[in-house]
Amino acid sequence: MHIGIDIEQIEKFENFTKDKMKFLQPIFSASELKFCSGQQNPAKYLTLCFSAKEAFLKAFSSIDKNLFSISDINLDFSNKIPELKFSEPIQKWFKKQKIDEIKFTFSIKKKYVVALIAARKNS
């Protein structure tokens, strides 16, 4: 079982207005930036995306960091509840490692976002 948790302050992303979003491109996908910038409080959603990515990296902290980057982990907001989506290299790595289930949950409270990732290998 792999578990990762991350907590971030929302204010960390409060200065990233729409015209400064390009500086976030190495970390966030185009779809994440588009969704977040269209929200009333973009900082809250940017923090959620970042915290989810950090929780994932913490859950798999023992792996070779050269296998993939933080930009290979994306939050998909096309459904009512955000879902984690992974690049092909991560999906292949999951298959090789026999990881068959990944759970993601989060909480947003006033100043903070908390994200939790739990992953399980095939039995």
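Q: Is Cys 49 buried or exposed?
A: Cys 49 is buried, at 1% relative accessibility, where buried means under 20% relative accessible area, exposed over 50%, and partly exposed in between, with a 1.4 Å probe and protein chains only. This is a predicted model, in which local features need pLDDT of at least 70, side-chain atom pairs count only at pLDDT 80 or more, and totals for chains, interfaces and linings use all residues. Residues are numbered from 1 along each chain as its sequence is written, and side-chain values use heavy atoms, leaving out hydrogens and water.

Q: How many disulfides does the structure hold?
A: The structure holds 0 disulfides, a disulfide being a pair of cysteine sulfur atoms within 2.5 Å.

Q: Switching topic, where is Asn 74 found?
A: Asn 74 lies in strand S2, residues 73-76, strands being DSSP runs of E with at least two residues and helices runs of H or I with at least four, numbered from the N terminus. Asn 74 is buried, with a relative accessible area of 18%.

Q: And which residue has a positive phi of about 65° although it is not a glycine?
A: That is Lys 98, placed in the loop between helix H3 (88-97) and strand S4 (99-109), and Lys 98 counts as exposed at 53% relative accessibility.
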